[in-house]
Amino acid sequence: MASHVVGYPRMGPKRELKFALESFWDGKSSAEDLQKVAADLRSSIWKQMSDDGIKFIPSNTFSCYDQVLDTTAMLGAVPPRYGWNGGEIGFDVYFSMARGNASVPAMEMTKWFDTNYHYIVPELGPEVNFSYASHKAVIEYKEAKDLGVDTVPVLVGPVSYLLLSKPAKGVEKSFSLLSLIDKILPIYEEVVAELKAAGATWIQFDEPKLVMDLGAHELQAFTHAYSALEASLSGLNVLVETYFADVPAEAYKTLTALKGVTGFGFDLVRGSKTLDLIKGGFPSGKYLFAGVVDGRNIWANDLASSLSVLSALEGIVGKDKLVVSTSCSLLHTAVDLVNEPKLDKEIKSWLAFAAQKVVEVNALAKALCGQKDEAFFSENAAAQASRKSSPRVTNEAVQQAAAALKGSDHRRSSNVSARLDAQQKKLNLPILPTTTIGSFPQTLELRRVRREYKAKKVSEEDYVEAIKKEINKVVKLQEELDIDVLVHGEPERNDMVEYFGEQLSGFAFTANGWVQSYGSRCVKPPIIYGDVSRPKAMTVFWSSLAQSMTKRPMKGMLTGPVTILNWSFVRNDQPRFETCYQIALAIKDEVEDLEKAGITVIQIDEAALREGLPLRKSEHGFYLNWAVHSFRITNCGVEDSTQIHTHMCYSHFNDIIHSIIDMDADVITIENSRSDEKLLSVFREGVKYGAGIGPGVYDIHSPRIPSEEEIADRVEKMLAVLETNILWVNPDCGLKTRKYAEVKPALSNMVAAAKRLRTKFASSH
């Protein structure tokens with residue numbers, strides 16, 4: 001009985017790759033040092049899978065940045081601005097594409113399907129001269145072979161690669177990326193020939209685009225590509241792997257009829273509908289790689305339930321043609337549970353990180369061929385049962401409160417224009433009011449105080465004193481700059497989700513549960529294991545303290561329910577929307593307590609609303625409905641005169657503008673400084689928007705300090721499409737990662753620009 005893993009995390013159990021990359025980028029270590037860390041991580045991953053009994057072990061899923069960028073390098077598709085002159089692509093050109101360099105910007109980065117991982121988007125056009133320029137796949141296959149491990153080399157499939165690309169600057173937007181297929185196939189043929197010569201017997205093509213809504217023309221490209229590759233693939237076993245959703249019926253037909261393909265891989269966790277297609281017919285003599293172990297979450301597999309799914313599939317495809325697999329690459333889950341000594345024992349028994357999932361895959365494969373590890377299975381069954389019955393998971397009061405939400409739409413009592421009038425009477429703001437998004441720079445000193453307080457090295461009293469001093473400094477600075485609506489700067493917060501999760505029940509936190517977001521950047525998502533509630537006020541103490549330091553309005557600062565959900569590992573024993581409604585009720589309690597404490601402006605960030613959008617258009621409506629509803633639940637109970645702000649960290653929301661309007665916030669601030677035009681075009685096209693809006697007037701992700709002229713000019717462009725009385729002036733995101741030396745002049749220029757325009761309007765009206 002065979003077992004397979006689609007891919008494995010690269011960062012290492014203690015983020016070894018992250019530190020090696022950053023040390024190399026800072027010039028503190030050599031390319032050889034980086035290569036050594038990378039090689040050690042690869043060999044330990046291969047050895048571990050081999051020791052765990054996995055038959056089909058992937059190679060070339062490791063990367064020093066991103067697997068799509070690796071493919072771009074393999075194809076020699078380097079944009080001309082990087083000055084590459086042919087030859088094998090090395091770290092200099094590779095990292096310039098990923099991160100930019102002193103003279104040219106990086107390639108664009110975007111979300112990998114609906115995960116929180118980001119890939120580097122290839123820039124293609126009719127002029128690109130493809131050539132075989134990175135032999136990484138072959139080198140890593142040989143490297144594993146020298147260690148005595150025969151692996152399955154993994155390549156991003158040619159059709160998905162093109163569909164994940166974008167037309168380069170200067171290329172017609174309407175350019176057909178698929179027209180390049182016959183230019184890239186010869187490179188794939190060269191790679192395949194070298195792998196075959198090196199002794200590879202299996203090869204895996206990842207074609208995740210097959211789970212998307214594709215037209216006949218796109219499906220035809222798959223048929224064409226694999227027919228063209230058929231001759232060079234002969235003598236090899238070929239697996240085409242899909243993941244992240246079920247494969248639609250038409251795509252399933254196309255996929256299972258591909259020429260030269262020996263096996264098909266499916267995500268049976270997020271794509272349970274595919275089971276029906278397989279039951280309706282699977283090509284005889286082909287291998288089915290059944291992805292029953294969830295690669296995107298941290299829950300232990302329900303082995304008994306997986307086993308029954310696998311037994312049913314065995315009846316369809318035959319015993320020797322069924323391979324047990326993960327639902328997708330384990331890249332999207334944490335690395336190893338052994339590095340969590342502090343995690344609560346009971347909760348720990350419910351979890352499996354990547355290393356544990358590999359063991360689960362093998363245990364299922366063995367059970368299918370009559371070598372069931374009874375002890376392992378019964379331990380698993382006991383953990384599943386304890387999770388179902390644990391009083392820590394279920395809270396009757398929360399369940400009832402969430403059930404009671406069903407009947408209402410949760411809208412505020414008056415419409416937005418009436419509310420804005422009531423708010424203006426209270427706040428008395430000038431036109432083009434200025435504000436910031438929430439966080440101020442976090443100095444080393446500040447991080448040290450927080451760390452020491454957490455380690456109980458400083459007393460609570462001293463900690464509160466230090467934070468108080470910091471808030472006072474931030475308030476004074478904003479008053480000196482003459483900003484209209486202030487923030488307290490969030491010096492007490494480590495992270496916009498973790499800070500709240502630590503104070504809500506139903507959340508658990510890991511020490512090393514890091515997951516790669518992009519490059520060397522990792523996130524450590526909280527684990528939502530039970531019903532969520534708010535035992536006591538979370539932010540009221542700090543917000544009231546900050547408000548007492550100034551006569552100007554002080555914004556309360558909260559993270560919205562959808563963002564907390566989308567940036568966490570979410571329980572899989574109830575629908576996501578139910579968990580989201582529970583979080584919304586907890587945030588609602590906080591909003592109402594802030595209002596009682598005299599906070600008149602409350603910001604509820606929904607940075608990740610767009611991130612949760614499902615892959616298929618047919619599912620968008622349902623998701624947006626409950627996501628927007630969750631946001632409204634948080635603030636439907638406040639007075640008209642309390643102003644609700646929200647912030648969104650995303651520019652591509654032209655397609656969801658109607659949902660954003662339906663959130664019914666009083667003011668929305670937007671990260672858009674890299675794509676003003678895209679954003680404003682929505683309003684130019686006549687979308688009626690009556691609430692306050694603050695498109696970011698400068699980009700905080702760059703150390704550059706914008707001039708007063710530049711900001712004024714941008715605001716005037718915005719005023720060409722937005723009413724003067726609804727426009728706010730603000731940076732495009734929080735200032736946490738910037739230095740004060742950059743923040744002070746930038747904000748000073750921002751306020752000056754707003755004042756200059758106010759004077760201009762006053763004289764012309």
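Mentor: We start with the ground rules, then go through the charges, and finish with the cysteines.

This is a predicted model, in which local features need pLDDT of at least 70 and side-chain atom pairs count only at pLDDT 80 or more, while totals for chains, interfaces and linings use all residues. Residues are numbered from 1 along each chain as its sequence is written, and side-chain values use heavy atoms, with hydrogens and water left out.

Start with the total. The structure holds 46 salt bridges. A salt bridge here is a side-chain nitrogen of Lys or Arg within 4 Å of a carboxyl oxygen of Asp or Glu.

Take Lys-166 and Glu-108. They form a salt bridge, with the closest N and O atoms 2.8 Å apart. Lys-166 is in strand S7 (residues 166–167), while Glu-108 sits in the loop between helix H4 (91–99) and strand S3 (109–111). The pair links distant parts of the chain, 58 residues apart. Helices (H or I, at least four residues) and strands (E, at least two) are DSSP runs, numbered from the N terminus. Lys-166 is partly exposed at 28% relative accessibility. Glu-108 is partly exposed as well, at 30%. The cut-offs: buried is under 20% relative accessible area, exposed is over 50%, and partly exposed is in between (1.4 Å probe, protein chains only).

Next, Asp-114 and Arg-270. Their side chains meet in a salt bridge of 3.8 Å, N to O. Asp-114 lies in the loop between S3 and strand S4 (118–120), and Arg-270 lies in the loop between strand S10 (263–267) and helix H10 (273–280), so the pair ties together parts that are 156 residues apart in sequence. Asp-114 counts as buried at 17%. Arg-270 is partly exposed at 37%.

Now Asp-484 and Arg-758. In this salt bridge the closest N and O atoms are 3.0 Å apart. Asp-484 is in the loop between H18 and helix H19 (498–501) and Arg-758 is in helix H27 (residues 740–764), so parts 274 residues apart in sequence are tied together. Asp-484 is buried at 13%. Arg-758 is buried at 17%. Salt bridges can also share partners: Arg-42, Asp-70, Lys-136, Glu-140 and Glu-143 are joined that way into one network.

Some charges gather on the surface instead. Glu-460, Glu-461, Asp-462 and Glu-465 make up a patch of negative charge there. For such a patch, residues need over 30% relative accessible area and no salt bridge, and like charges are joined within 9 Å. Glu-460 is found in helix H18 (residues 460–481). Glu-460 is exposed, at 52%. Tyr-463, however, is buried at 7%. The C-alpha atoms of Tyr-463 and Ser-311 are separated by 58 Å, and these residues are 152 apart along the chain.

Last, the cysteines. A disulfide is a covalent bond between the sulfur atoms of two cysteines. The cut-off used is a pair of cysteine sulfur atoms within 2.5 Å. A search of the whole structure finds zero disulfides. The cysteine sulfur nearest to Cys-64 is that of Cys-522, 13 Å away, and Cys-64 is in no disulfide. Cys-522 is in no disulfide either, and its nearest cysteine sulfur is that of Cys-64. Cys-64 is buried at 11%. Cys-522 is buried at 9%.

How values were computed
Patches are made of residues with over 30% relative accessible area and no salt bridge: like charges are joined within 9 Å, nonpolar side chains (Val, Leu, Ile, Met, Phe, Trp, Tyr) within 5 Å. Accessible areas come from the Shrake-Rupley method with a 1.4 Å probe; for residues, only the protein chains shown count as cover. Lys and Arg count as positive and Asp and Glu as negative; His and the chain ends are not counted. The place of a charge is taken as NZ of Lys, CZ of Arg, CG of Asp or CD of Glu.
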